[in-house]
Amino acid sequence: MPTAAAQIFHDGPSDRAYRAKWWTGRISVYGLLILWAFICLFPIYWTLTTSFKMAPDVMKGNMVPWVDFSPAWLGWRSLGLSPDTWGDESTVRAEFLKRFTNSAIVSLASSVLAVMLGSLAAYGLSRFSYKFAWMRNSDISFFFLSQLILPPVVLALPMLVLYKELALLDTRIGLILLYTLSVLPIVIWIMRDQFSSIPTELEEAALVDGLSIWGAFLTIILPIALPGMVAAFILSLVLTWNEYFFAALLTSTHANTLPVMVASQTGSQGISWWSMAALAWAAILPLIVIGVVLERYIIKGMAAGAVK
Amino acid sequence: MSSSGDLLHVVTNDSISARRKTFGRAIIWGSAALLIGIAASQLAQVLGWQAFGFENWRPTLYAYILWAICLCWGQVLQYGEHGKRTLFVLPAALFVISLTVFPLLFGLMIAFSDWNLSSPDGRQFNGWDNVRQMWVDPFYWNAMLNMVWYVLAIIVEYAIAFGLALALNAEIRARKFFRVAFLLPLMLSPVAVSWMIGKSMLEARFGPIARLSRLLGWDEPSFFGSPWIAKATIMVMDAWTFIPFMMIMILAGLQAIPKELNEAAKVDGANGWRAFWEVTFPMMLPVSITAILIRIIFKLKLADIVINVTAGAPGGATDTVTSFIFREYRDRSNVGYGTLLAMVYLVIIIVVMTGLMKLADRFARPRT
């Protein structure tokens, strides 16, 4: 070939092999990433579109709105959340909003409580040495963290009986207490990591300036540890919002949370897919928003303790 | 973290008057006496000795809370500065103790009894009957065996999570998008996932996955028909929600590895594959072990998906211990037997996890 002969600089065979390898590397990495992103996102997409489908669309397996089916408000209407039913009375919507409020109150309250108790304990454990009976700091830390191993089922039935006696069955307070307990070890885990990364010189300076130990903690340390607290809070929020097991056992009519409602609808309505899809989507929506907006904190929280 | 000696030295000149100390002691013991008094009178009513007109055990609960507050306050009154330090840990410790240790002791009591909540007879102590029943209960041991399989599935989850973490750690565009997308499954509630995937996408006639598998040549896809396929389906769904969790921990570990190490390996002539096995993987061992241990702990609690998708079908093949006990209670509302099963499960978990942690400790220690 004349053009090739005119070329002075060639890519040697080794260079070309390197190129090819680079390209296959790129393609396989992006291929893997895109494939997994598809696997992660498709169920969410599928649920969202199904909530706008009508029966024949579901049967035919149509996937793309406006292309192979025309979206209808069927699912959302049955929940009372579509635009045309917004003003009307709707028992389903009232029910849904009640469950939603319960979930919100329970998860927010228990996360706040867990972050408060957990931060205090983690701070104390990272700064002072304690001795309660035979337990020293490492034993106390282990005691808190070992609660993570405790499976909920062990507490569930005794709690059921105790709550019955204490008239706490089917109350939000009962759920809040148990949820706080279940996320407390995680909060302590994250906050211990956070506090031990803050140098003690800060408090020493504050103490010299005449602050009390609690004053130093509240005014100097807490603001610095705030990102860790937010991470712990968000993680607790996610876990408690999604909790099903205790809620299913310990609540019946008043304090039911959203997951219990979703679970109970699955059985009773058969395959009225569009309304189930709308319900499931409405239940996961808050968390999707949190996940997208606060992703940084969630990752920070989960990565805590992974790297020492 | 050092466990001996304060990291923060506080020297305060506390002069606590004898009156203050006495007052501190008085409120602690006073509230304790009140608690014991109320509890005793409630017990007397339950045993039928004397009627006080209590409707439930709430008064005892209130007295307990009062005692807890007095205990915390009394620490400060009695010990001054030292009491204020105790105040950091004491509330959390009291909270955890009263919500785990007490119910666990109570659980031990009901584990050895026959107690049907819907029957008027109340609790009947039945000695070792529950243990004997458990010993010959094939479904319980079957559920236990299933847990072993479910835990073993973590190895596959770990491999996938590691691969994804490596891909995310590579030099890529749109990293933020991929991270958020990969994180999302973890945010979804297992109950919603059970419906979204288990009931809708895996629906045998018109679920998209069923369609896909028909396209790929599986004529009559049924994901919950045979025991092994059903088990695998549950594993896949659980993996789908929890892979992001392991992935993020591994990613954090990967980002903590100094770049120089890989560069040095490259200079020494190691290709990608060898560099991975001889540099990256050994460096990641401690993080990997932490991630796997935490994942095992979460896996042992697996229940929501099983309860909502299969309820143990077919024939208990997908049951986890938790879902089995849940159904046992739902069907017969017998708290005694269920509690015993849960207690045995707890003991097994503690033994296994302690062993695993010991093993991991030896394994993760850097070899020099």
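Chain A splits into domain 1 (1-45) and domain 2 (91-303), with bounds that come from an automatic or database domain assignment. Taken over C-alpha atoms, the centres of these two domains of chain A are 46 Å apart.

A quick note before going on: this is a predicted model, where local features need pLDDT of at least 70, side-chain atom pairs count only at pLDDT 80 or more, and totals for chains, interfaces and linings use all residues. Residues are numbered from 1 along each chain as its sequence is written, while chains are lettered from A and ligands numbered from 1 in the order in which they are written.

Now for the build of chain A. You'll find 14 helices and 2 strands in it; these are DSSP runs numbered from the N terminus (helices: H or I, at least four residues; strands: E, at least two). Chain A is more spread out than a compact globule, because its radius of gyration is 27 Å, well over the 19 Å that the globule rule gives for 308 residues. That radius is taken over C-alpha atoms, and the rule is 2.2 Å times the number of residues to the power 0.38.

What about the partner? The contact takes 87 residues from chain A and 83 residues from chain B, where two residues are in contact if their C-beta atoms, placed from the backbone, lie within 7 Å. On chain B's side, helix 3 (residues 81-111) gives the largest share, 14 residues. Here is how that side divides:

| Kind (side of chain B that touches chain A) | Count |
|---|---|
| Nonpolar (Ala, Val, Leu, Ile, Met, Phe, Trp, Tyr, Cys, Pro) | 59 residues |
| Polar (the others, Gly among them) | 15 residues |
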